[in-house]
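Open the model in your viewer and keep the sequence panel beside it.

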Amino acid sequence: MTLPAHAAAGNDLPAGPTRTRFPRTSRRSAALAGGMHAVAKPALNLWSYAPPLARLSRIMDRTADRLTVPAGTSVESVQLGPCDAEWIRAPRATEEGAVLYLHGGALIVCSLASHRLLVASTSRVCRVPALNVNFRMLPHVTVEEMVGDCLAGYRWLLAKGYPPEKISIVGDSAGGYLSFLVALALRDDGLPLPGSIAGMSPLLDLGTRRKAANPHRDKCDLFTMRACEALEHLVERVDRRHEVQGRRVQPIDADLTGLPPVLIQMGSREILRPDAEEMADRLAAAGVPTHLQIWTGQVHVFQASAPLVPEAGRALRELGRFVRVNRAAG
């Protein structure tokens, strides 16, 4: 198994994760949370009663496809075999490394178009180009096939000449779930690991037991317990249809030994917060340098609201700094 240099440090690793809490400082972030609670949360809850409504996301994708990226940003189409991708380069991005970006959307919705602006922002703060992978989604493929698509993106970056320690895997929401599965698959197959992993409100467990135990679960501005249960049941149905054998190990329950440094950013009221806190503890216990940032009052993947919400811009800058520091150390 190939480990990055930091894994050999052993005794120099921190005893626990670095935890930082950021205050809410703007009225705009409060307005965003109120809007999500009033509009997006009921819509997601409605989906839990009628999953085919997820097809309506295509309207959102068509709308997003009309949005222009910041001036000077280049977008190039890439074919990865089973799926396609976009190679996004922000102005002043260098060839010192690259980002493998895995988008969110509960493994069932969203696309290259819906996340193009967020990926462009990620390229800007990380100061390197980013490969936005358009992995296939439920119910058409299994989680394992999604991971395979993402691994194809990682191999594309390696073939392009980027050293693994100069590659960072960045994912939001369900893309964060895939980010950890990709890193674990690389480790288990003895392949070179990336220099770092960063998750924006990452999904870390498809199960609902931990979420149900969260005493603040009803305060989340986006997800309900019913929506989380609907996703869990959808994955189970897809697994049965594709005859997936055995029980899937969730990232939060996996052996995390040997992973590269990790940053997790989470809103304080998210239903996913307890999972993030436990994951940070388990990563640190496995000897992984881990940074957990809790952003007071922020919604799920609030980073996508930059530059409208000041906290979103600051969070992206924190993410970019984390990626750059670990790239320089690689």
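**Stop 1: R89 and E95**

Select R89. This is a predicted model, and in it R89 is partly exposed, with a relative accessible area of 23%. E95 forms a salt bridge with R89, and the closest N and O atoms are 2.7 Å apart. E95 also counts as partly exposed, at 47% relative accessibility.

Stay in this region and select R92. R92 is found in the loop between β3 (84-89) and β4 (98-102). Check its backbone: phi is positive, about 70°, although R92 is not a glycine. Most residues other than glycine have a negative phi. At 77% relative accessibility, R92 counts as exposed.

**Stop 2: D149 and R136**

Select D149 and R136. Their salt bridge has its closest N and O atoms 3.0 Å apart. D149 lies in helix α4 (residues 143-159) and R136 in the loop between β5 (130-134) and α4, so the pair ties together parts that are 13 residues apart in sequence. R136 counts as partly exposed, at 32%.

Next, select P139, which lies in the loop between β5 and α4. The peptide bond from L138 to P139 is cis, with omega near 5°.

**Stop 3**

In soluble globular proteins, nonpolar side chains tend to be buried together.

Centre the view on L178. Which residues is L178 in contact with, leaving aside its neighbours within four places in sequence? Show L102, L107, F135, M146, V147 and C150: L178 is in contact with each of them.

**Stop 4: R269 and D221**

Move to R269 and D221. They form a salt bridge, with the closest N and O atoms 2.8 Å apart. The pair links distant parts of the chain, 48 residues apart. R269 is in the loop between β8 (262-267) and α8 (273-285), and D221 is in the loop between α6 (209-212) and α7 (225-241). R269 is partly exposed, with a relative accessible area of 31%. D221 is buried, at 7%.

Now select D205, R210, D253 and E278. Salt bridges that share partners join these residues into one network. How many salt bridges does a search of the whole structure find? The search finds 14.

**Stop 5: Q293**

Select Q293, in strand β9 (residues 290-295). Q293 is buried, with a relative accessible area of 7%. A polar contact of 2.9 Å joins the two side chains of Q293 and Q265. To complete the surroundings, show T20, F22, L263, I264, M266 and E318. They are among the residues in contact with Q293 once neighbours within four places in sequence are left aside.

**Stop 6**

Select S201, in the loop between β7 (196-200) and α6. S201 is not a glycine, yet its phi is positive, near 50°. S201 is buried, with a relative accessible area of 0%.

Then go to P307, in the loop between β9 and α9 (310-329). The peptide bond from A306 to P307 is cis, with omega near 5°. Most peptide bonds are trans.

**Stop 6: the whole chain**

Clear the selection and zoom out. The protein chain has 9 helices and 9 strands. Its C-alpha atoms fill a box of roughly 45 × 45 × 45 Å, taken along the principal axes. With 330 residues, a compact globule would have a radius of gyration near 20 Å; the chain has 18 Å, which agrees.

Colour by burial: 55% of the 330 residues count as buried. The accessible surface comes to about 14200 Å², and 54% of it belongs to carbon and sulfur atoms. Among contacts between residues at least 6 apart in sequence, 80% join residues at least 24 apart.

Technical notes:
Residues are numbered from 1 along each chain as its sequence is written. Side-chain values use heavy atoms; hydrogens and water are left out. Contact means heavy atoms within 4.5 Å. Helices (H or I, at least four residues) and strands (E, at least two) are DSSP runs, numbered from the N terminus. Buried means under 20% relative accessible area, exposed over 50%, partly exposed in between (1.4 Å probe, protein chains only). A polar contact is a pair of N or O atoms within 3.5 Å; within protein, one must be able to donate a hydrogen and the other to accept it, and residues adjacent in sequence count only if both atoms are side-chain atoms. A salt bridge is a side-chain nitrogen of Lys or Arg within 4 Å of a carboxyl oxygen of Asp or Glu. The radius of gyration is taken over C-alpha atoms; the globule rule is 2.2 Å times the number of residues to the power 0.38. Accessible areas come from the Shrake-Rupley method with a 1.4 Å probe; for residues, only the protein chains shown count as cover.
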